[in-house]
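Hi everyone, thanks for coming.

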Amino acid sequence: MEAIRKQATKLREQVARQQQAVLKQFGAGGYGGSDNVITDEAELHQHQRLERLYISTRAGKHFQRDMVRGVEGYIVTGSKQVEIGTKLSEDSRKYGSENTCTSGNTLSKAALNYGRARAQMEKERGNLLKALGTQVAEPLRAMVMGAPLEDARHLAQRYDRMRQEAEAQAIEVSKRQVKVREIPGNPELAMKLEIAEAKLHDLKSNMAILGKEAAAAMAAVESQQQRLTLQRLIAMVEAERTYHQRVLQILDQLESEMISERQRIEAAPSPSVESPMPRPPAYEEANGVYASQTNNGSTDGMGYFLGEVMYPYQAESDVELTLSVGDYVVIRKVTNNGWAEGECKGKAGWFPFGYIERRDRVLASKVAVVV
């Protein structure tokens, strides 16, 4: 359509130039002067300007429409991603809270942390989709469908039709001028020529006024179109930039937590095959009072203190105590051969002293779990 329109414009301009050349051949009188020619420089400039404005605003409208379609498609697919990510977050948190692994709770903690981070990321994605809808798609859609652009285009189309009518009238005037010259002194031909020239004059006057109005309206629409589209494009970039920055912060924190946990697991002491750790002392419970005895019949009197479990330990006998990473233990005795005796979550027993770290300050909620 664009190529056809340009070709039609060129043909009209060629016809107008041919009309001007024919009129100049007849020299004097009436419409023959350059002031009466439809394709004078001012009118041609006005026409070319309107043509450029029409093409520019049409391309801008198509770009706005493409942006709206792209954002709407992104919102649809993004909403589906939010749904999938939210389900993954719920599944991760469910596993983390319900895990019954006997060798430790490291994976449970990681699943809980991931579920929390995933929920935060999906919330940020939802905020991004909302911003794209309200700050980008809706304003652009309103301008694409808005009245200012359509009104300006209607003015330009009215001007184009009036211009074609004026060109046809100019041809009619030139024909009647030829007849007047061929049959001089004929009052009827002279009167018809005068009427045709008056009509052409009115058409040119109206066309000039309408052309100025159409050009002003189209220029205003073009300026608004360019400004608004740029603003919405910047808003889209800012929204996406904010989203990715916040997601990066969430992922950095999650990675730091997981790497720390992995390093702690990898650093866990492993039993030595060449020099196995001696078995824990005998352990008896009598009248609710616990008594422990080391291999040589003595114990280390360090007093009671709290310790945090750094590595998981699975009890291998009834006198030993199973530990999970993160648990807190009340240590009551420590032997000289690396064993400690304490209580955790209502159970008492022996465990390797190297699997815990002493804690001087502990949250009240953690202490409540110990007993």
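**Two helices side by side**

Let's start with a pair of helices: the axes of helix H2, residues 41-98, and helix H3 come within 8 Å and cross at roughly 160°. Before I go on, please keep in mind that this is a predicted model. If you are new to this, two packed helices are described by the angle between their axes and the distance between the axes. An angle over 145 degrees counts as roughly antiparallel, and therefore H2 and H3 are roughly antiparallel to each other. As for handedness, the crossing of H2 past H3 is left-handed.

Now let's zoom in on one residue. Glu122 belongs to helix H3, which covers residues 106-144. Is Glu122 buried or exposed? Anything under 20% relative accessible area counts as buried, and Glu122 has 4% relative accessibility, so Glu122 is buried. And what does Glu122 touch, leaving aside residues up to four places away in sequence? The answer is Gln81, Val82, Gly85 and Thr86. The side chain of Glu122 also makes a polar contact of 3.2 Å with the side chain of Arg125.

**The whole chain**

Let's step back for a moment. The chain has six helices and seven strands. If you follow the sequence, the pattern is α-α-α-α-α-β-β-β-β-β-β-β-α. There are 371 residues in the chain, and 37% of them count as buried. Here is another way to look at the chain: take the contacts with a separation of 6 or more, and 73% of them are between residues 24 or more positions apart.

**The sheet**

Next come the strands. Strands of a sheet pair through backbone hydrogen bonds, either parallel or antiparallel. Here we have an open sheet of five strands, paired in the antiparallel way, and the order is S6-S5-S4-S3-S7. Which strands sit at the edges? They are strand S6 (347-352) and strand S7 (356-359), each of which pairs on one side only. On average, and ignoring direction, neighbouring strands of this sheet are turned by 45° against each other.

Strand S3, residues 305-309, runs antiparallel to S7, and four bridges join the two. You can find one of these pairings by looking for Gly307, whose bridge partner in S7 is Arg358.

Now move over to strand S4, residues 328-334, which pairs with S5 in the antiparallel sense over four bridges. Here Ile331 has Gly342 in S5 as its bridge partner. S4 and S5 form a hairpin with four residues between them, and Gly338 in that turn has a positive phi of about 95°.

S5 has a partner in S6 too, and that antiparallel pairing has six bridges. Across this pair, Cys344 stands opposite Lys347 in S6. How enclosed is S5? Five of the six residues of S5 are buried, so the strand is largely enclosed by the rest of the structure.

Lys345 is found in the loop between strand S5 (339-344) and S6. The phi of Lys345 is near 55°, which is a positive value in a residue other than glycine. With a relative accessible area of 48%, Lys345 is partly exposed.

Conventions: Residues are numbered from 1 along each chain as its sequence is written. This is a predicted model: local features need pLDDT of at least 70, side-chain atom pairs count only at pLDDT 80 or more; totals for chains, interfaces and linings use all residues. Side-chain values use heavy atoms; hydrogens and water are left out. Buried means under 20% relative accessible area, exposed over 50%, partly exposed in between (1.4 Å probe, protein chains only). A polar contact is a pair of N or O atoms within 3.5 Å; within protein, one must be able to donate a hydrogen and the other to accept it, and residues adjacent in sequence count only if both atoms are side-chain atoms. Contact means heavy atoms within 4.5 Å. Two strands pair if DSSP finds at least two bridges between them. Axes are lines fitted to C-alpha atoms, for helices over the stretch in contact, and angles run from 0 to 180 degrees between N-to-C directions. Angles under 35 degrees count as roughly parallel, over 145 as roughly antiparallel, 65 to 115 as roughly perpendicular and the rest as oblique. A crossing is left-handed if the near helix is turned anticlockwise from the far one by less than a right angle, and right-handed if clockwise.
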